[in-house]
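I opened my notebook to look through a structure with you. Here is what I looked up, entry by entry.

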Amino acid sequence: MTLASSLLSIPSPSQGTWWIGPIPIRAYALCILLGIVVAWWLTMKRWVAKGGRTETLEGILTWAILAGIIGARIYHVITDYQLYFGEGRDWWRMFFIWEGGLGIWGAVALGGLAAWWQARKHGVAFSAIADSVAPGLLLAQAIGRLGNWFNQELYGRPTTLPWGLEIDPAHRIAGYENAATYHPTFLYELLWNVAACAVLLWAEKRWSLSRGKVFALYVVMYTVGRFWIEALRIDTVNHIGGFRLNNYTSAIVFAGALAALIWLIRHRPGTDSPVEPVTPEDSETGTDRAVDSE
């Protein structure tokens, strides 16, 4: 590749794994962990601002994160089963999560279920937790997409645009071996998620959104971006009627989230703060933490 062409494209990292003795340090895992840390920090700040206790949310988030990772892997294995089952496939590799393959849909579903369970256990308003998590979740997803960049995976169709992503021959998909640059869908989704996070924080303040509306708006915004980004990708996945499976998932989830948002706006006005039940300590200090009924 000439110098002129290299200046008009995005290079891919030369490696995604480093070794400390026999221990592999994988960029994909580091990106996921960094995203969790950032989301944890922002969620805690938002939860405390709502009147919640950090110790309460720490336990809930721990369960949600563990369940979310499991759910993300389960969704990936189910929707891309051909990668692990069938002739010439090693089924046990479905447990090799460090090789990549996490589906946000499964993460939100199972992680949200775990958070709901823990919220009920602690007598905490689940809608307040969901609203607290939403912006940080977008940032975590944005950071996590850098892992795809390091792995040179999940890129889009070939392109000659100045921001085309360089993909090494070893990582090019069959049928596209002669193309050198591709749509950097990891970057598209990263930018979309960061922008959506900013819009979410602005909308929340502008219209005093609460009681689940922030989370519903997060899902609406994310699925819109994911739908068109998914349409650009060329990685091997299952199709139905010419569309990628995740396009259908995006459309269905978008419709559900939009309907939920409209319903919440019409039927759930007001706020859900304070968000935790009253304790003897609160009574002594005069703090009222009664949970808004759901």
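Before my entries, one term: buried means under 20% relative accessible area, exposed means over 50%, and partly exposed is in between, with a 1.4 Å probe and protein chains only. This is a predicted model, in which local features need pLDDT of at least 70 and side-chain atom pairs count only at pLDDT 80 or more, while totals for chains, interfaces and linings use all residues. Residues are numbered from 1 along each chain as its sequence is written, and side-chain values use heavy atoms, with hydrogens and water left out.

**Entry: a loop with positive phi values**

I went to the loop between α5 and β4 (164-166), where I found Q152. Helices (H or I, at least four residues) and strands (E, at least two) are DSSP runs, numbered from the N terminus. Phi of Q152 is near 50 degrees, a positive value in a residue other than glycine. L154 sits in the loop between α5 and β4 too, and its phi is near 55 degrees, again positive in a residue that is not glycine. Is Q152 buried or exposed? I noted a relative accessible area of 4%, so Q152 is buried. L154 has a relative accessible area of 24%, so I wrote it down as partly exposed.

**Entry: helices side by side**

Two packed helices are described by the angle between their axes and the distance between the axes. I used axes that are lines fitted to C-alpha atoms, for helices over the stretch in contact, with angles from 0 to 180 degrees between N-to-C directions.

I looked at α2 (residues 27-49) and α5 (residues 126-151), whose axes come within 7 Å and cross at roughly 160 degrees. α2 and α5 are therefore roughly antiparallel to each other. For that term, angles under 35 degrees count as roughly parallel, over 145 as roughly antiparallel, 65 to 115 as roughly perpendicular and the rest as oblique. The residues of the contact of α2 with α5 are 20 nonpolar, eight polar and two charged. Here Ala, Val, Leu, Ile, Met, Phe, Trp, Tyr, Cys and Pro count as nonpolar, Asp, Glu, Lys and Arg as charged, and the others, Gly among them, as polar.

Next I checked α3 and α4, with axes that come within 6 Å and cross at roughly 150 degrees. This makes α3 and α4 roughly antiparallel to each other. How many charged residues are in the contact of α3 with α4? I found no charged residues there, beside 14 nonpolar and seven polar.

**Entry: the nonpolar cores**

A nonpolar core is a set of buried Ala, Val, Leu, Ile, Met, Phe, Trp, Tyr and Cys residues joined through side-chain atoms within 4.5 Å. The largest nonpolar core has 38 residues, and W47, L57, I129, L138, L200, L217 and Y218 touch the most other members. α7 (213-232) gives the most to this core, with eight residues. I followed I129 and, leaving aside its neighbours within four places in sequence, found contact (heavy atoms within 4.5 Å) with W47, L57, I60, A119 and V124.

I found E204 in helix α6 (185-207). E204 is buried, with a relative accessible area of 14%. Not counting residues up to four places away in sequence, E204 touches R46, K50, L209 and V214.

R268 lies in the loop between α8 and α9 (280-285), and R268 is buried at 15% relative accessible area. Its C-alpha atom is separated by 6.8 Å from that of R211, 57 residues apart along the chain.
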